[in-house]
Amino acid sequence: MSRNLVLYFSNFLQRLESLLPAIFPQGSLPPAFAVAGLPSTYDKITRNQTPSRSLKDIIGDGILWAVPKHRRTVEKRLNRKFGYPEYNWKLLRVKTHLRSCNQCGHDYEAGHLCPHCYNKVRDETQQMQEKIQEQLGLNPIEQDVVVLYEGERGEQPSEMLNGKRIVEMPKPRPIWFTKNLLQKTTQQPSNSKEVKPNDLA
């Protein structure tokens, strides 16, 4: 879309440049009377006339492309953000939507995840992925993968681990990482496409 617009605009400029000499004749004077035997001044004017300029040279790049010419300085950026102390000073607003995490005690903004707990889960997930890639590789096999921590292999029944790929982590399971996260849901998938609202009262 943008390329077609640029091509259309360039064709329009070429057509307009071709019509400029007919509309604005540069250096030409209207016909006048001449005395017989004296050289005409029209030839001198046409020889010394300035070279024709294109429309792009007249208008310039600043109008054709609306882009900033110079980088905005740090002082101007800070003044736009915090205002001017002499005229209009924008005070820093106190955040009143901070909450304390029930798991780790760190503060976080309401409506967001706790960054400390999220980093712990991300690091643990990355370690699990590296261990799975180290033991099983990247070849796709249609089997379930069970991640077991230290001392959990004897607790699991053999029927549950039958036909599954087992990855063992050489460390105890973290307190916040419960075993229920690895179990599949018992809720049967619904085939209906209707959405029924609930808990409206």
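This is a predicted model: local features need pLDDT of at least 70, side-chain atom pairs count only at pLDDT 80 or more; totals for chains, interfaces and linings use all residues.
Local features were taken only where pLDDT is at least 70 and side-chain atom pairs only at pLDDT 80 or more, whereas totals for chains, interfaces and linings use all residues. Residues are numbered from 1 along each chain as its sequence is written, and side-chain values use heavy atoms, with hydrogens and water left out.

The protein chain contains 7 helices and 4 strands; these are DSSP runs numbered from the N terminus, with helices being H or I of at least four residues and strands E of at least two. Read from the N terminus, the order of elements is α-α-α-α-α-β-β-α-β-α-β. Of the 201 residues, 12% are buried. Buried denotes under 20% relative accessible area, exposed over 50%, and partly exposed the range in between (1.4 Å probe, protein chains only). The accessible surface of the chain amounts to about 18,700 Å², and carbon and sulfur atoms contribute 55% of that area. Among contacts (heavy atoms within 4.5 Å) with a separation of 6 or more, 35% join residues 24 or more positions apart.

In soluble globular proteins, nonpolar side chains tend to be buried together. The largest nonpolar core in the model consists of 5 residues, namely Met 128, Val 147, Tyr 149, Met 169 and Phe 177. Such a core is a set of buried Ala, Val, Leu, Ile, Met, Phe, Trp, Tyr and Cys residues joined through side-chain atoms within 4.5 Å. Beyond residues up to four places away in sequence, Tyr 149 touches Met 128, Met 169 and Phe 177, and also Glu 124, Lys 171, Pro 172, Arg 173 and Pro 174.

Leu 148 belongs to strand 3 (residues 145–148) and is counted as buried because its relative accessibility is 3%. Its C-alpha atom is separated by 6.1 Å from that of Val 167, which is 19 residues apart from Leu 148 along the chain. With neighbours within four places in sequence left aside, the contacts of Leu 148 include Ile 166, Val 167, Glu 168 and Met 169, as well as Arg 153, Gln 156 and Leu 161. Strand 4 (residues 165–168) includes Arg 165. This arginine is buried but has no salt bridge, and the nearest side chain of opposite charge, that of Asp 144, is 7.9 Å away. For charge, Lys and Arg are taken as positive and Asp and Glu as negative, while His and the chain ends are not counted.

The model holds 4 salt bridges, each defined as a side-chain nitrogen of Lys or Arg within 4 Å of a carboxyl oxygen of Asp or Glu. In one of these, Glu 124 pairs with Lys 171, with the closest N and O atoms 2.9 Å apart. This pair links distant parts of the chain, since Glu 124 is in helix 6 (residues 115–136) and Lys 171 is in the segment after strand 4, 47 residues apart. Glu 124 is buried at 7% relative accessibility, and Lys 171 is partly exposed at 24%.

A salt bridge also joins Glu 152 and Arg 173, whose closest N and O atoms are 2.6 Å apart. Glu 152 is in the loop between strand 3 and helix 7 (158–161), and Arg 173 is in the segment after strand 4, 21 residues apart. Both residues are buried.

Glu 109 forms a salt bridge with Lys 95, and the closest N and O atoms are 2.8 Å apart. Glu 109 lies in strand 2 (residues 107–109) and Lys 95 in the loop between helix 5 (74–82) and strand 1 (98–100), so the pair ties together parts 14 residues apart in sequence. Glu 109 is partly exposed, with a relative accessible area of 27%.

On the surface, Phe 9, Phe 12 and Leu 16 form a nonpolar patch with about 260 Å² of accessible area together. Patches comprise residues with over 30% relative accessible area and no salt bridge, with like charges joined within 9 Å and nonpolar side chains (Val, Leu, Ile, Met, Phe, Trp, Tyr) within 5 Å. Leu 16 is in helix 1 (residues 2–23).

Terms used
Accessible areas come from the Shrake-Rupley method with a 1.4 Å probe; for residues, only the protein chains shown count as cover.
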